[in-house]
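Please look over the sequence and the model below before reading on.

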Amino acid sequence: MGAAALMAAPALAGSVVSAAGRKGTADQRATAAPRLNISFQEGTAPGENLAQKFDWMEAHGVTGFEPGGKNLGARVAELKNLLRGRNIKVTAICAGFEGFILAEDPAVKAAFDSSMRDIIVAAGELGSVGVIMVPAFNGQKPCRPHTLETREFLCEEMGKLGEFALQHGTTAILEPLNRREAFYLRQVGDGAAIARDSGSKGVTCMGDFWHMSEEASDYGALWSADGYLSHVHIASRGRRIMPGEDGELDNYVDGFRALKEMNYEGWVSFECGTRGEREQTVTAALELMREQWARA
Ligand code: MG
């Protein structure tokens with residue numbers, strides 16, 4: 001099971017996660033330079049409501065939308081309706097579940113299992129590449145200890161979740177965070193290794209340029225997830241606001257170079273606030289990203 005579901009999912013067709021398998025050979029990679037596909041979370045674009053935000057995104061060439069996962073099942077019809085006829089696709093779904101997968105309390109783990117699966121079903125209906133999850137935030141306790149047994153447990157549980165996601169034409173996306181937020185999973189390559197060891201093609205991982213302060217190399221980190229990388233988050237690198245608002249710090253060229261060489265066809269999605277006037281800072285961020293992508 002899995003290949004047919006993946007082939008049926010339109011949002012996955014342009015992703016690196018393909019029914020042909022995770023690791024495309026060099027010959028299978030397109031020779032043309034991949035485009036930069038930009039996605040926004042719900043709060044990113046200027047506008048008073050989603051319809052206005054989608055208008056703004058279309059006018060600025062933003063073709064992806066990353067909704068939050070909370071109550072997503074109840075929003076599927078509304079979102080499909082709002083997106084009908086537009087050049088905008090649902091990209092990843094940002095978390096929104098209850099509990100956490102490494103919870104020691106069976107009730108908390110059960111809450112994760114059921115709410116995460118509800119979101120995965122809705123994600124599949126929306127043609128999403130996957131639902132973003134973190135195994136455990138630092139503040140989530142009691143948590144299984146950081147041991148080999150816990151890692152094996154996580155791989156097994158992710159494998160089950162991944163197979164469920166495949167049945168719905170989507171994936172579960174592991175997001176490594178920086179050590180201040182989630183010590184358990186900090187590096188992109190570790191997320192990819194857990195995805196591999198889960199044994200399910202329905203488990204993928206992502207990189208977030210903000211959290212990638214954990215990495216010695218943006219280029220190396222993203223390449224280390226080749227074949228498993230289904231999504232990317234971006235923010236400024238000093239204060240997690242719009243790319244460009246932190247000046248010289250906001251250099252994504254090495255990471256973009258890796259994505260281009262990998263022929264990454266997923267989305268780079270904004271996950272950040274702003275300290276400035278939104279219309280101006282978001283427009284400037286788009287310009288900066290496109291300029292750096294072209295230069296990478
Ligand atoms: Mg993120």
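The structure is a predicted model, and its chain of 296 residues has buried residues making up 53% of the total. The chain has 10 helices and nine strands, and the nine strands form an open sheet in which the pairing is parallel. Among contacts between residues at least 6 apart in sequence, 78% join residues that are at least 24 apart.

**The sheet as a whole**

- Strands β6 and β7 pair in the parallel sense over three bridges, and here Leu-174 stands opposite Cys-205 in β7.
- Strands β7 and β8 also pair in the parallel sense, over four bridges, with Leu-229 in β8 as the bridge partner of Cys-205.
- Between these two strands the chain crosses from β7 through α8 to β8, and this β-α-β crossover is right-handed.
- Strands β8 and β9 pair in the parallel sense over three bridges, and the bridge partner of His-233 in β9 is Ser-269.
- Another right-handed β-α-β unit is made by β8, helix α9 (residues 253–261) and β9.
- Is β8 largely enclosed by the rest of the structure, or is it left exposed? Strand β8 is largely enclosed, because six of its six residues are buried.

**The magnesium site**

- The magnesium ion is coordinated by Glu-175 (OE), Asp-208 (OD), His-233 (ND1) and Glu-271 (OE), at 2.1 to 2.2 Å.
- Along the chain, the donors of this ion follow the spacing E-x32-D-x24-H-x37-E.
- His-233 and Glu-271 are both buried.

**The nonpolar cores**

- In soluble globular proteins, nonpolar side chains tend to be buried together.
- The largest nonpolar core in this model has 74 residues, and those with the most contacts inside it are Phe-40, Met-116, Met-133, Met-158, Leu-229, Leu-259 and Phe-270.
- A second, separate core of five residues includes Ala-92, Ile-132, Ile-173 and Met-206.
- If residues up to four places away in sequence are not counted, Met-158 touches Ile-101, Met-133, Ala-172, Leu-174, Ser-198 and Val-203.

**Helix α7**

- In helix α7 (residues 188–198), the buried residues are Val-188, Gly-191, Ala-192, Ala-193, Ile-194, Ala-195 and Ser-198.
- What do the buried residues of α7 pack against? They pack against α6, β6, β7 (203–208), α8 (218–223) and β8.
- The helix α7 is followed by Gly-199, whose phi is positive, near 80°.

**Two buried threonines**

- Thr-170 is found in the loop between α6 (148–167) and β6 (172–174), and it counts as buried because its relative accessibility is 0%, where the cut-off for buried is under 20%.
- A polar atom of the side chain of Thr-170 lies 2.8 Å from the backbone oxygen of Ser-128.
- Thr-281 is found in helix α10, and at 7% relative accessibility Thr-281 also counts as buried.
- Leaving out residues up to four places away in sequence, Thr-281 touches Met-242, Glu-245, Thr-274 and Gly-276.
- With one of these, Thr-274, the side chain of Thr-281 makes a polar contact through the side chain of that residue, at 2.9 Å.
- Thr-281 and Glu-245 are 36 residues apart in sequence, whereas in space they are 7.4 Å apart, C-alpha to C-alpha.

Notes
Residues numbered from 1 in each chain as written. Predicted model: local features only at pLDDT ≥ 70, side-chain atom pairs only at ≥ 80, totals over all residues. Heavy atoms only, no water. Donors = N, O, S within 2.8 Å, 3.2 Å for Na, K, Ca; no water. Buried < 20%, exposed > 50% of the residue type's maximum accessible area, 1.4 Å probe, protein only. Core = buried A, V, L, I, M, F, W, Y, C linked by side-chain atoms within 4.5 Å. Contact = heavy atoms within 4.5 Å. Polar contact = N/O pair within 3.5 Å; in protein donor to acceptor, adjacent residues only side chain to side chain. Pairing = 2+ DSSP bridges. Right-handed = clockwise from strand over helix to strand, strands pointing away.
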